[in-house]
Structure formats: C-alpha cells, structure tokens
Protein chains: 2
Amino acid sequence: MTEVRWLDEREQRAWRSLMAMQEGLAEFIDRQLRHRCGLSHADYQVLAHLSEAADPLRSFELGRLLHWEKSRLSQHLTRMEKRGLVRRERCHTDQRGAVIAITAEGTELIEAAAPRHVADIREVVVDHLTPAELEALAAIGDKVRERLEAQDQPSAG
Amino acid sequence: MTEVRWLDEREQRAWRSLMAMQEGLAEFIDRQLRHRCGLSHADYQVLAHLSEAADPLRSFELGRLLHWEKSRLSQHLTRMEKRGLVRRERCHTDQRGAVIAITAEGTELIEAAAPRHVADIREVVVDHLTPAELEALAAIGDKVRERLEAQDQPSAG
DNA sequence: CGCAACTTGTTAACGTGTCAACCAGATGGG
DNA sequence: CCCATCTGGTTGACACGTTAACAAGTTGCG
C-alpha cells in the first residue's frame, strides 16, 4: 500500500539496542546457570515455580504460569524427571491429571542457584541502572506486553 | 558469600517486566514473520545482513555480524540454500572460505518482509513509547551490553 | 443415561541450536 | 622447507521447541 514508515535515527537506536540486549542477556543468563549450577534457564524457571508454590502443581497450572506449550512442558518434565529434579504423581481429583512435585535434589539445586542467579541479574542489569531507569524499564515492559496482548486478541468490535 | 541481596519491590518489577517483554516480543516477532512472510526471525536476520551488504559476505563475517556460532550458521545456511534463499560460492582469495550470496528469491522475500516487520515493531513497541522512553530504552540496552561484555572479558588487571 | 465436545497430557516427526570432533587450508618460527 | 598451530567451515550427536495427532478422562445438553 502507501509508503513505508521506516524507523528514524532514534527509533532505530532504541530497537537495535533492545534486540542486542535481549539476545546477549538470554545467552548470558542461560550460560551462567548451566556452567555454575547445572541448570538451564528453563530448568530454573520450572524449579522456581515449583519451589515457590505451597503445594505440588498441576501440570496445566505450571504451563500457564510459564506460558509454555503443553507439549514443551511435558517433554521438559520427562527430562527433568529422568535427572531426578521433579516427580510426576497421579492426581486424585482428576484421573487425567498429573501433579508435579519438586524433589529434594531439585530443591537443593534451585536453592544453590537462586543467590547466584540474583547476583548475575544485579551484575549485568539491576545494580547499574538508576531508580528512574528501573521505573522506565518496568513501564516500557508493561506497555509492550499490553500491545502484544492487544495483537493476540485483535478486538471483538 | 555472606547474605544474599534479594531484589526489592522496584527491582523485581523491572526485572520481571523485562523478562516478560523479552519472551513475548521474541515469540511475536518470530510468529509474525513465519506466518505472513514464510521466514523465521533467524532467516530474516541473515537475509537482512546479506541484502544490506554491498558485496556477498564471507561466512565468518556474517557470523560475526549475527553473533552466531559458526556451526549454527553453517547448518542454517544449508537449510536456506536448500530453500533457494542463499547461494554458497567458493572464495577465490582463501581456498577454505565460503562466500554467501543472496539469491533473487531471497531478495524478493526480504523486501516483502521488511515493511511488515517494521510495521510490527511500530505496532508493539516504537509507536507506543514516548521519545524519552525510546532514549531510556537505548541507554538501558547500551548499559546492559556494556556489562555483558565486561563479564565476558573479566579484565586483565 | 448417551453421546458430542472439550480438557489434560503424551507422543512422533521435524526444524533448530550447541558442543565436540574433524578436515582442509593458511601461517609462522625453526 | 617443515611442522606445529591457527583459522574457516562442515558434520554428527544430542538437547530443545513446535505442530499435529492421539489417548484418556470430564462435562454438559438432549
């Protein structure tokens, strides 16, 4: 259709900076966790949710919290179960259901990993931003997620 | 080693917002490109670099621009070559080398994809942030990347 | 109740990313 | 020149994510 509105100087700088940060950060976080704690970032997130929850979680509930495809979760849990980090149990109120519990070994790993993970986050992000920048970051993230949700449900009007 | 400095309220809000934005954004960008243009985000980035370059690029040069593992690039190029998007050519100045050229079909796809891609970026990020927020985003991204680089080369002092 | 529609979870097949091993060509000190 | 070492690139094995298909259980409307 009409002409394209390409990004101007400032817009391009912001976008490229965001993309570069995003890739670098994801790579860094995952690498640190793997090398020092023997956990992928995915493993970490699963264990974090399980250890924060008061009771073992239903599989679909865990998937909702993580925003993961159900098949992804199922396969990942199979691998984690094989490594002894989680345990699948039958659900008593729904015969289809699986209940996921963290094992002692999983608890040990996440508790060892968490302080290092927080230290990494401080080291590369949090401790080097001003309070105003932290506020701005939260605000930007919220706006973007709002837009993403608007895209996914493209209005009913 | 002493006690852990957990994230306070503001820090946690910023970090979680960033992570959520990051995952949502990556998923959205990739999905849009795939469904509407038949390109993954990875494909897009490869073609973007190739089409911006004046001459066909050496493989290692492309890898450096993308920050990709050499094996990842090699495998991805094999798939893209099979789809007719790029062409591998022998390098005349280094018998080991490969030179990567974009094909007519690749050019066509990236040129169709670019305007839609920019529109998506505007739709979910750029057009909904204030100039101040764009500046803040660029500044934050730069700071974080600086810290990441400092981590990778942990000083020679 | 009886059956269709939906939900929960697993599996198979495929595309993709990483690591380690490898091959071949380039490079540099003896 | 010769060999050790480095560099550019490919390959194989494996971990991971997505899609589609499926099995099994639940729900609700007739």
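**Close-up views of a predicted two-chain model**

View 1. Helices (H or I, at least four residues) and strands (E, at least two) are DSSP runs numbered from the N terminus. The model is predicted, so local features need pLDDT of at least 70 and side-chain atom pairs count only at pLDDT 80 or more, whereas totals for chains, interfaces and linings use all residues. Residues are numbered from 1 along each chain as its sequence is written, and chains are lettered from A in the order in which they are written.

**View 2. The buried side of α2(B).** D43(B), Y44(B), V46(B), L47(B) and L50(B) are the buried residues of this helix, and they lie on the same side of α2(B) because they cover an arc of only 165 degrees around the axis, taken from the directions from the helix axis to the C-beta atoms.

**View 3. Chain A against chain B.** In this view, 46 residues of chain A are in contact with 46 residues of chain B, contact being C-beta atoms, placed from the backbone, within 7 Å. On the chain A side, α1 (9-37), α5 (104-124) and α6 (131-152) each give two or more residues, and α6(A) provides the largest share, 16 residues.

**View 4. Helix α6(A).** The buried residues of α6(A), among them L134(A), I140(A), V144(A) and R147(A), pack against α1, α5 and α6 (131-152) of chain B.

Key. Contact = placed C-beta atoms within 7 Å. Buried ≥ 20, exposed ≤ 12 C-beta atoms within 10 Å, placed from the backbone.
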